[in-house]
Amino acid sequence: MAQTLDTVFEHVRALLAAPQNGGAAPARDRLELTLTEGYAAALALDGDRMRLERRIEQLTFSFAEGDESRPEELRRLIARLHAVEDDLADLRALLEKLRRRAAKAA
Amino acid sequence: MSPKVDSDTLRVLLVDDHDLFRTGLRNLLEEQGVQVVGEAASGFDAIRIVREIAPDVVVMDLNMPGMTGVEATREISSIAPLTRVVVLTISDQDEDVMDAIVAGACGYLVKDSSIEELMRGIKAAAIGESLISPPIASKVLQRMRAVTLDQGAETIRSELSERELDVLRLIANGKDNAEIAEALHISPKTVKNHISNILMKLQIENRIQAAVYAVRSGIV
């Protein structure tokens with residue numbers, strides 16, 4: 001997934017760096033295809049986020065019940081959740097820029 | 001209060017020509033307990049599957065080769081009125097939104113929606129309600145307002161004579177009867193008659209209402 005996500009970020013950034021006008025400007029179809037790839041990646045990240053939140057909730061609940069046997073796992077999950085949330089926010093921000101570019105493209 | 005919808009009983013068809021996106025969406029919806037009963041990569045396939053299995057909700061992309069999502073939505077609304085269509089697309093363009101809604105879509109979401117938003121949209125559709133992505137909803141409202149204004153202006157123009165329109169514009173600009181008479185080179189009594197006709201034709205009670213009506217309708 002990390003490699004796939006890196007690739008998606010790379011594709012989106014490359015299109016944003018490309019000229020907006022003239023012969024070298026990427027076609028709208030290409031922009032839309034990359035957007036869709038990006039949204040698919042965002043969905044996957046969103047799924048990761050939800051799964052992590054669910055697991056953290058379970059662990060927190062068991063902590064509240066007196067089971068403190070897995071603090072390391074909780075710390076690891078929380079760190080992972082923050083990383084996923086950061087990736088998701090970065091990706092969505094880039095996709096929004098690309099979407100605006102696609103809307104303007106002929 | 002809206003009735004609650006149990007995700008487990010929701011039967012959903014996904015229509016999108018991008019395999020990757022469809023698969024990702026399927027996995028995520030199934031994790032939420034939604035029963036994805038079919039997938040289609042084109043409008044034609046979507047219609048065939050709707051005829052066969054009549055899903056509760058169709059999640060429909062707009063931009064697909066062959067039959068577009070709008071055309072497929074129109075056809076599905078006609079052959080399976082109980083099947084609700086939620087559009088899920090990258091476009092937030094006014095034209096696409098309005099075309100989809102006119103074609104029968106009862107929800108319009110953009111692809112960067114979170115899974116929570118998607119679930120809300122699908123559940124709302126299943127009970128016959130509508131959910132439109134908030135940034136798009138404001139654009140739709142603006143557009144609807146513009147259409148309403150156009151229709152209001154059209155109504156006024158078709159009901160009133162040119163002279164009555166002149167009088168209405170001057171009323172809206174705050175002129176009294178004497179000023180209107182002077183501006184139009186007619187007698188105050190004729191102005192009064194025109195105003196009576198305007199009130200009667202527009203079914204309003206006074207000149208203030210006439211002024212408001214004129215401004216809201218875009219006549220002024």
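User: What order do the six strands of the open sheet in chain B come in?
Analyst: The order is 2-1-3-4-5-6, with parallel pairing. Strands here are DSSP runs (E, at least two residues), helices are H or I runs of at least four, and both are numbered from the N terminus. Two strands pair if DSSP finds at least two bridges between them. This is a predicted model, where local features need pLDDT of at least 70 and side-chain atom pairs count only at pLDDT 80 or more, while totals for chains, interfaces and linings use all residues. Residues are numbered from 1 along each chain as its sequence is written, chains are lettered from A and ligands numbered from 1 in the order in which they are written, and side-chain values use heavy atoms, leaving out hydrogens and water.

User: Which are the edge strands?
Analyst: Strand 2 (35-40) and strand 6 (131-132) of chain B, each pairing on one side only.

User: And how many bridges join strand 4 to strand 5 in chain B?
Analyst: Four, between residues 84-89 and residues 107-110, running parallel. L88(B) has L109(B) in strand 5 as its bridge partner. Strand 3 (residues 57-60) of chain B also pairs with strand 4 over four bridges, in the parallel sense, and there M60(B) stands opposite V87(B).

User: Is strand 4 of chain B mostly covered or exposed?
Analyst: Mostly covered: five of its six residues are buried. Buried means under 20% relative accessible area, exposed over 50%, and partly exposed in between, with a 1.4 Å probe and protein chains only.

User: Switching to the interface, how many residues of chain B are in contact with chain A?
Analyst: 19 residues of chain B, against 18 of chain A, where contact means heavy atoms within 4.5 Å. The two chains bury about 1700 Å² between them, 58% of it on carbon and sulfur atoms. That buried area is the accessible area (1.4 Å probe) lost when the two parts are put together, summed over both.

User: Which three residues supply 33% of the area chain B buries there?
Analyst: E31(B), I90(B) and D112(B), more than any other three residues.

User: What does T36(A) touch?
Analyst: Leaving out residues up to four places away in sequence, T36(A) touches H18(B), F21(B), I90(B) and K111(B). T36(A) lies in helix 2 (residues 28-64) of chain A and is buried, at a relative accessible area of 4%.

User: How many salt bridges does the rule find across the interface?
Analyst: Three, taking a salt bridge as a side-chain nitrogen of Lys or Arg within 4 Å of a carboxyl oxygen of Asp or Glu. R49(A) and E116(B) make a salt bridge through their side chains (2.9 Å, N to O). Those two also belong to a salt-bridge network with D46(A), E53(A) and R92(A).

User: OK, where in chain B do D61(B) and K111(B) sit?
Analyst: Their side chains meet in a salt bridge (3.7 Å, N to O). D61(B) is in the loop between strand 3 and helix 3 (69-79) of chain B, K111(B) in the loop between strand 5 and helix 5, and the pair is 50 residues apart. D61(B) is buried at 4% relative accessible area, and K111(B) is buried at 4% too.

User: What about R48(B) and E52(B), how far apart are the closest N and O atoms?
Analyst: 3.5 Å, in a salt bridge. They are separated by about one helical turn because they sit four residues apart in helix 2 (residues 43-53) of chain B. R48(B) is partly exposed at 41%, whereas E52(B) is exposed at 55%.
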